[in-house]
Amino acid sequence: MSTVSVSELKANLSRYLREVRRGGEIQVLDRGTFIAQLLPPTKHTYGTRERLVNMGLLRPGHGDPTTILDMAPLKLPTSITEAMDEDRSDRV
């Protein structure tokens with residue numbers, strides 16, 4: 001694992017990103033204090049449901065989502081076409 005200062009990282013970012021891309025790890029120091037670590041992505045780094053839940057960015061649902069298919073359609077006071085025409089009336 002390499003250790004680099006913020007100024008060194010900024011000056012040679014491409015070099016350090018290549019190192020991480022090859023599997024290396026970089027510790028970033030700001031005035032001698034550890035502030036960040038650059039790691040190569042793992043196959044589970046992006047888009048996993050569990051990671052988003054753990055970060056508080058996704059709240060898992062509960063119940064059976066297929067029950068919505070058994071519900072009656074919404075009764076709207078106007079048709080979709082009429083609503084779109086009204087919304088776009090200033091453009092004609």
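Modeller: Strand β2, residues 26-30, and strand β3, residues 33-38, pair in the antiparallel sense, with five bridges between them. The model is a predicted one. Within this pairing, Leu29 stands opposite Phe34 of β3. The two strands make a hairpin, and two residues lie between them. Arg31 sits in that turn, with a positive phi of about 55°.

As for the rest of the chain, its secondary structure consists of four helices and three strands. Their order along the sequence is β-α-α-β-β-α-α. The protein chain is more spread out than a compact globule, because its radius of gyration is 25 Å, well over the 12 Å that the globule rule gives for 92 residues. The C-alpha trace spans about 65 × 45 × 25 Å along its principal axes.

Of the 92 residues, 9% count as buried. Among contacts with a separation of 6 or more, 25% are between residues 24 or more positions apart.

The surface and the charges remain. The accessible surface of the protein chain is about 8300 Å², and carbon and sulfur atoms account for 55% of that area. The chain carries 13 positive and 12 negative side chains. The centres of these two sets are 12 Å apart.

Methods
Residues are numbered from 1 along each chain as its sequence is written. This is a predicted model: local features need pLDDT of at least 70, side-chain atom pairs count only at pLDDT 80 or more; totals for chains, interfaces and linings use all residues. Side-chain values use heavy atoms; hydrogens and water are left out. The radius of gyration is taken over C-alpha atoms; the globule rule is 2.2 Å times the number of residues to the power 0.38. Buried means under 20% relative accessible area, exposed over 50%, partly exposed in between (1.4 Å probe, protein chains only). Contact means heavy atoms within 4.5 Å. Accessible areas come from the Shrake-Rupley method with a 1.4 Å probe; for residues, only the protein chains shown count as cover. Lys and Arg count as positive and Asp and Glu as negative; His and the chain ends are not counted. The place of a charge is taken as NZ of Lys, CZ of Arg, CG of Asp or CD of Glu. Two strands pair if DSSP finds at least two bridges between them.
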